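The sequence and the model should be kept in view while the points are read.

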Amino acid sequence: MENKDLDLTETVLAGSPADRPWEGCLNSVTYRVPRGVKVMLPAFLSEYIKRTEEERASAEETARRLSGSAFKL
């Protein structure tokens, strides 16, 4: 029986090793992944990190746009 979620993928998170690591809790397991270095992660975790980073970037962009609009008022 093969489980695709347990397939490992090589991942490098944006940033440098001096930056704070990515931290998240998934299914009651806390993960801490360093930035700027190659790591092998399960495919499900790699996808989860990718989605959360995209959501964070989108939220920051929305906040930046709304702050600019509010400043003009």
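The numbered points below go from the basis of the model to its strands, its core and its side-chain pairs.

1. Basis of the note. This is a predicted model, in which local features need pLDDT of at least 70 and side-chain atom pairs count only at pLDDT 80 or more, while totals for chains, interfaces and linings use all residues. Residues are numbered from 1 along each chain as its sequence is written, and side-chain values use heavy atoms, with hydrogens and water left out.

2. Overall layout. The chain has four strands and one helix. Read from the N terminus, the order of these elements is β-β-β-β-α. Helices (H or I, at least four residues) and strands (E, at least two) are DSSP runs, numbered from the N terminus.

3. Surface and contacts. Of the 73 residues, 19% count as buried. Buried means under 20% relative accessible area, exposed means over 50%, and partly exposed lies in between (1.4 Å probe, protein chains only). Among contacts (heavy atoms within 4.5 Å) between residues at least 6 apart in sequence, 46% join residues at least 24 apart.

4. The hairpin. Strand β2 (residues 22-26) pairs with strand β3 (residues 29-33) in the antiparallel sense, over five bridges; two strands pair if DSSP finds at least two bridges between them. Together β2 and β3 form a hairpin with two residues between them, and asparagine 27 in the turn has a positive phi of about 55°. Leucine 26 has valine 29 in β3 as its bridge partner.

5. A residue of β3. Threonine 30 lies in strand β3 and is exposed, with a relative accessible area of 64%. When neighbours within four places in sequence are left aside, threonine 30 is in contact with Gly24 and Cys25.

6. The nonpolar core. Which residues make up the largest nonpolar core? The seven residues are Leu13, Trp22, Val33, Val39, Leu41, Leu45 and Ile49. The elements that give two or more residues to this core are β4 (38-42) and α1 (43-72). A nonpolar core is a set of buried Ala, Val, Leu, Ile, Met, Phe, Trp, Tyr and Cys residues joined through side-chain atoms within 4.5 Å. Leucine 45 touches Trp22 and Tyr31, not counting residues up to four places away in sequence.

7. The aromatic pair. One aromatic pair is found in a search of the whole structure. The ring centres of tryptophan 22 and tyrosine 48 are 6.0 Å apart and the planes are at 85°, so the pair is edge-to-face. Rings of Phe, Tyr and Trp (its six-membered ring) pair if their centres lie within 6.5 Å; planes under 30 degrees apart count as stacked, over 60 as edge-to-face and the rest as tilted. Because tryptophan 22 lies in strand β2 and tyrosine 48 in helix α1, the pair ties together parts that are 26 residues apart in sequence. Tryptophan 22 counts as buried at 6% relative accessibility, whereas tyrosine 48 counts as partly exposed at 22%.

8. The structure holds six salt bridges, each being a side-chain nitrogen of Lys or Arg within 4 Å of a carboxyl oxygen of Asp or Glu. In one of the six, the side chains of lysine 38 and glutamate 10 meet at 4.0 Å, N to O. Lysine 38 lies in strand β4 and glutamate 10 in strand β1 (residues 8-12), so the pair ties together parts that are 28 residues apart in sequence. Lysine 38 is exposed at 63% relative accessible area, and glutamate 10 is exposed at 53%.

9. Salt bridges within the helix. Glutamate 53 forms a salt bridge with arginine 56, with the closest N and O atoms 3.1 Å apart. Both residues lie in helix α1, three residues apart, about one turn of the helix. Glutamate 53 is buried, at 19% relative accessible area, while arginine 56 is partly exposed, at 39%. A network of salt bridges links Arg35, Glu53, Arg56 and Glu60. Glutamate 61 and arginine 64 also meet in a salt bridge (2.5 Å, N to O), and both lie in helix α1, three residues apart.
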